[in-house]
Amino acid sequence: MFLQLDWKIIIQSTLDTTMSGNPAVVMRLVASAYAVAEKAGAIIRRVLHSGELGIVEKTGANDLQTLADRLVQQSICASLSKSFPKITIIGEEDLPEEAVKEDLIESSQSEEILQKSCPLEYSALKEEELVVWVDPLDGTKEYTEGLLDHVTVLIGIAYGGKAIAGVINQPFFNYQLGTETADMGRTLWGMPGLGAFGFELQEVPDGRRIVTTTRSHSNKLVTDTVDAMEPHDVIRVGGAGNKIVQLVEGKASAYVFASLGTKKWDTCAPEAILHAVGGKLTDMHGSALRYDANVKHMNSAGVLATLRNHQYYTSKVPQSVLQALKP
């Protein structure tokens with residue numbers, strides 16, 4: 001009886017803390033990430049409309065960086081560091097240390113997120129226990145080619161090596177409709193144990209296998225694996241974030257990438273949102289990805305993500321592919 005009473009007190013104390021205007025650290029971090037992701041979307045649109053993309057090649061023609069990548073990473077990292085000085089932030093772009101302009105700093109937070117109750121298991125987490133993985137512009141190549149619906153901003157939050165919250169901004173959502181810039185774009189977010197928001201969850205009709213895979217980084221391992229899944233259709237698009245959006249909106253049933261290429265900043269935020277709606281993201285062996293601060297950045301054993309029936313897809317991965325892709 002004593003233990004039961006104690007547990008109720010703990011739960012009530014957590015709820016009281018949330019309701020009293022002092023939300024858990026992780027909820028405040030997600031609320032800040034949401035606000036800065038919205039600002040990031042505006043920066044990306046502004047750079048595009050300026051016509052000066054500032055493109056540089058990092059490792060080759062398929063690995064580009066633009067002015068938008070640089071400005072957005074500065075904005076996200078500086079904004080979150082200012083509000084949460086003890087968190088670890090790992091961003092895609094290797095940028096020199098320099099002062100960040102004040103107009104890139106976003107200090108607001110999503111009130112809607114602050115009002116939500118934090119899942120009990122995350123309610124006592126401290127800043128220094130959290131790792132934030134940032135991809136300032138996922139789908140840079142597509143951005144430079146005008147395939148704007150492929151572009152996302154990804155902010156993932158990890159604890160204990162697991163993705164526990166994610167924010168995805170689509171700067172050009174609905175751009176084909178000719179929407180005014182101020183109304184363009186949307187932000188999705190999610191947290192296992194709490195749910196996912198900003199979109200309507202849909203599933204591919206029963207019995208249909210639609211695989212989404214890379215548009216510009218394919219090779220024999222990728223094509224052999226996709227073929228082995230016996231898909232009814234294959235969608236080739238850019239951006240890991242975009243592919244996960246395809247899954248949760250019922251346009252694809254599996255994201256298959258049996259190759260090197262994606263990094264932890266590509267998968268942390270999408271994985272958290274996918275897990276929040278009951279989906280699963282692993283490597284090609286079916287093993288969980290790790291997001292500890294000291295983990296290697298490359299997803300060296302590929303990525304396999306599904307909304308449902310993960311076991312079917314892992315069972316279809318050819319042995320030759322598993323042997324080639326070592327964790």
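## Strands β7 and β8

Strand β7 (residues 186–191) and β8 run antiparallel and are joined by 3 bridges; two strands count as paired if DSSP finds at least two bridges between them. Strands (E, at least two residues) and helices (H or I, at least four) are DSSP runs numbered from the N terminus.

This is a predicted model, in which local features need pLDDT of at least 70, side-chain atom pairs count only at pLDDT 80 or more, and totals for chains, interfaces and linings use all residues. Residues are numbered from 1 along each chain as its sequence is written, and side-chain values use heavy atoms, leaving out hydrogens and water.

## The sheet

An open sheet of mixed pairing is formed by 6 strands, in the order β3-β4-β5-β6-β7-β8. At its edges stand β3 (88–91) and β8 (195–197), each with a single partner strand, so one side of each has no neighbour in the sheet.

## Helix α3

Helix α3 covers residues 67–83, 17 residues in total, and reaches 24 Å from its first C-alpha to its last, close to the expected 24 Å (1.5 Å times one less than its number of residues). Because 12 of its 17 residues are buried, α3 is largely enclosed by the rest of the structure. Buried means under 20% relative accessible area, exposed over 50%, and partly exposed in between, with a 1.4 Å probe and protein chains only. Among the buried residues of α3 are Leu71, Val72, Ile76 and Leu80.

## Cysteines

Cys77 is buried at 18% relative accessible area, and Cys118 is buried at 7%. The whole structure holds 0 disulfides, meaning pairs of cysteine sulfur atoms within 2.5 Å.
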